[in-house]
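Below are my notes, as numbered points you can follow with the model open beside you.

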Amino acid sequence: MAKLQVAIDLLTTDEALALAGKVAPYVDIIELGTPLIKNMGVSVITAMKSAHPDKIVFADLKTADAGELEADIAFKAGADLVTVLGVAGNATIVGAVKAAKAHGKGVVVDTIGAPDRVARAKEVAALGVEFVELHAGLDEQWTPGYSIQVLIDEAATAETPVSIAGGVNLQNVQAVIKAGAKVAVAGAAIYAAQDPAAAAKALREAIDAVN
């Protein structure tokens with residue numbers, strides 16, 4: 001069954017907990033965005049896991065170096081998954097995976113900035129990661145001509161477990177799942193909605209309809 005991940009790109013622990021409280025019934029994975037963790041520190045990870053122990057808490061560290069050390073910090077704080085950049089060296093990914101195994105947790109490789117997301121996804125799949133995130137970041141999404149279709153097309157050819165992040169919304173989430181993504185990552189479609197709970201519920205129902 002495909003999972004729904006909410007990307008919380010807010011900036012304070014209180015805001016993040018308030019949003020998570022509204023959408024938790026409909027999501028499987030609660031992602032703490034990179035700016036949120038940088039602003040609040042790893043205490044936001046602990047706070048979120050304490051509030052939602054039954055959810056997968058995803059710390060979007062976007063680690064580029066010191067993979068084992070940074071992953072260990074996040075896992076000790078309560079994270080279930082952490083991200084390492086796909087453009088980082090394999091040794092950084094391997095280090096994070098080592099920490100994950102020690103804690104019984106997992107690593108996701110984030111392909112943001114990778115010149116060839118699919119090729120890198122196939123390379124890192126052998127390093128023991130949980131899945132690879134095909135990710136177009138906010139800056140890329142705001143570039144004229146951007147379309148999530150590029151990620152959907154990539155997922156269909158990746159031949160490895162992937163998630164898609166980069167403008168997932170109610171209009172395209174079923175195409176995301178049909179392309180083979182095991183996780184659909186929705187950010188603004190949920191946190192910027194007038195009713196985040198209703199938005200998350202609609203995404204959940206759309207995903208379940210094609211699972």
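1. Let's begin with the largest pocket, which has 28 lining residues. D9, H135, G137, L138 and Q141 are the ones that lie nearest its centre. The pocket volume is about 440 Å³. For the terms: on a 1 Å grid over the protein atoms alone, a pocket is an open set of points where a 1.4 Å probe fits, with protein on both sides within 12 Å along at least five of seven lines, and a lining residue has an atom within 4 Å of a point. The volume is the space filled by probe spheres set on the points, which are joined across faces, edges and corners.

2. A word on provenance before going further: this is a predicted model, in which local features need pLDDT of at least 70 and side-chain atom pairs count only at pLDDT 80 or more, while totals for chains, interfaces and linings use all residues. Residues are numbered from 1 along each chain as its sequence is written, and side-chain values use heavy atoms, with hydrogens and water left out.

3. Which elements supply at least two residues each of the pocket lining? They are α2 (34-40), β3 (56-63), β6 (131-135), α7 (138-141), β8 (183-186) and α10 (188-191). The largest share, four residues, comes from α7. Helices (H or I, at least four residues) and strands (E, at least two) are DSSP runs, numbered from the N terminus.

4. By class, the lining of this pocket has 13 nonpolar, eight polar and seven charged residues. Here Ala, Val, Leu, Ile, Met, Phe, Trp, Tyr, Cys and Pro count as nonpolar, Asp, Glu, Lys and Arg as charged, and the others, Gly among them, as polar.

5. Strand β6 deserves a look of its own. Five of its five residues are buried, that is, under 20% relative accessible area with a 1.4 Å probe and protein chains only (exposed is over 50%, partly exposed in between). F131, E133 and H135 point one way from the strand, and V132 and L134 the other way. β6 runs parallel to β5 (residues 106-110), and three bridges join the two; pairing requires at least two DSSP bridges. Within this pairing, V109 stands opposite V132.

6. Please also check T83, in strand β4 (residues 81-85). T83 counts as buried because its relative accessibility is 0%. Leaving aside neighbours within four places in sequence, T83 is in contact (heavy atoms within 4.5 Å) with F58, A59, D60, L61, K62, T63, V108 and D110. From T83 to V108 the C-alpha to C-alpha distance is 4.8 Å, although they are 25 residues apart in sequence.

7. K62, in strand β3, has a positive phi near 50° without being a glycine; at 22% relative accessibility K62 is partly exposed. A66 is also not a glycine, yet has a positive phi of about 55°. A66 lies in the loop between β3 and α4 (67-77) and is partly exposed, at 35%.

8. Finally, T160 sits in the loop between α8 (149-157) and β7 (162-165). Buried or exposed? T160 is buried, with a relative accessible area of 16%. Beyond neighbours within four places in sequence, T160 is in contact with A121 and A125.
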